[in-house]
Amino acid sequence: MTRTTGILADRAIDALFGEGRLKSEAPLDADQVQPASLDLRLGSKAMRVRASFMPGREHKVADKLERLTLHEIDLEDGAVLETGCVYIVPLMESLDLPQDMSASANPKSSTGRLDIFTRVMVDHAQEFDKIPAGYRGPLYLEISPRTFPVIVRRGSRLSQIRFRVGHSLLSDTELLDLHQAETLVASEMPNVSGGGIALSIDLKGSGPDGLIGYRGKHHTSVIDVDRKAAHDVLDFWEPLYSRGRDELILDPDEFYILVSREAVHVPPLFAAEMTPYDPLVGEFRVHYAGFFDPGFGHASAGGAGSRAVLEVRSHEVPFILEHGQVIGRLVYEHMQERPAGLYGTGLGSSYQAQGLKLSKHFRVG
């Protein structure tokens, strides 16, 4: 059964290319289309700009770049993007959306876990990562590495995009009903409000040493975003342990990888997204929102027990996190149809059945 509204699945994304609604400078990578999203690829050049900017209703991105570019960097053979700098990269993909179809973008999971701040921009935009219905034109990616310098090249995939028709978000009542039927988070009393279901933090730790997370080191060597298992964990990360305290003091502007207490489940006919945590209830936030594809944590796709990995920062002042504290919310959306492939089923998915896990760039053991 196909809904008239909802998130487009993989077959519908493929169809957009066939219809000329989606275009790319080069043939697609074999795994570029995911169950409910499309990975976006960097083009051949990056513009170092003085500061982040918004195009605004009256301007194209290219017009602003003419004035704001400090220098241009060739990405064909790879280049280092330095921490604390802002870069704008034209993407290989472009859009010609139907009038009833909008889109939204987010960093890929591996991008967030490397603390690479990315946002998609389009011409005449007044919001980042939001592509209005009927948009026709190029896509640009703002990139700002925060903790580690990184090597990127033409074709590197740092961000992903979802397409939707009409209203697709589940209401609180629909979320509760779905949770009772499918167990969305492993919690006997789910906290559902504002259209989302809460996730809390695990600070008791795993294994005999009580590992609870990692804190990013400063002044490291570079990370190649296209190389898996190429870097030693301890060269880039400081492991953190519970030591029986069940709490963690977040230092201002440090970057932490932590994990949810609850396992997460995204049934095949739904997609989910981590929403930014409300700063009114604490001086911290989940640093990156993220997509969860249909099948994440789904038993038949090999994901029973998958937990959400969280990228966390404290701002302005130190903040004490305690075990079980709510740290984020998941919103769920209807898919238009069941994807041909679920997350984790032969798609090269890196984070199915995960617990506390760094990005795929680091060697295990």
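Strand β3 (residues 38-41) lines up antiparallel with β13, over four bridges. This is a predicted model, and β13 (residues 157-165) is a handy place to start looking around: nine of its nine residues are buried. Salt bridges come next, and the count there is 21.

**Strand β13 and its partners**
- M101 has V165 of β13 as its bridge partner.
- Strand β1 (residues 6-7) pairs with β13 in the antiparallel sense too, over two bridges. Here G6 has V165 as its bridge partner in β13.

- D39 and R157 form a salt bridge, with their closest N and O atoms 2.7 Å apart. D39 lies in strand β3 and R157 in strand β13, so this pair ties together parts that are 118 residues apart in sequence.
- D39 is buried at 0% relative accessible area, and R157 counts as buried as well, at 18%.
- Salt bridges with shared partners put D29, D31, D39, R41, E93, K108 and R157 into one network.

**Other salt bridges**
- D115 pairs with R313, the closest N and O atoms being 2.4 Å apart. D115 is in the loop between α3 (109-113) and β9 (116-122), while R313 is in strand β24 (residues 307-314), 198 residues away.
- D115 counts as buried at 0% relative accessibility, and so does R313 at 2%.
- E262 forms a salt bridge with R261, with 3.8 Å between the closest N and O atoms. E262 is buried at 6% relative accessibility, whereas R261 is partly exposed at 44%.

Key
Residues are numbered from 1 along each chain as its sequence is written. This is a predicted model: local features need pLDDT of at least 70, side-chain atom pairs count only at pLDDT 80 or more; totals for chains, interfaces and linings use all residues. Side-chain values use heavy atoms; hydrogens and water are left out. Buried means under 20% relative accessible area, exposed over 50%, partly exposed in between (1.4 Å probe, protein chains only). Two strands pair if DSSP finds at least two bridges between them. A salt bridge is a side-chain nitrogen of Lys or Arg within 4 Å of a carboxyl oxygen of Asp or Glu.
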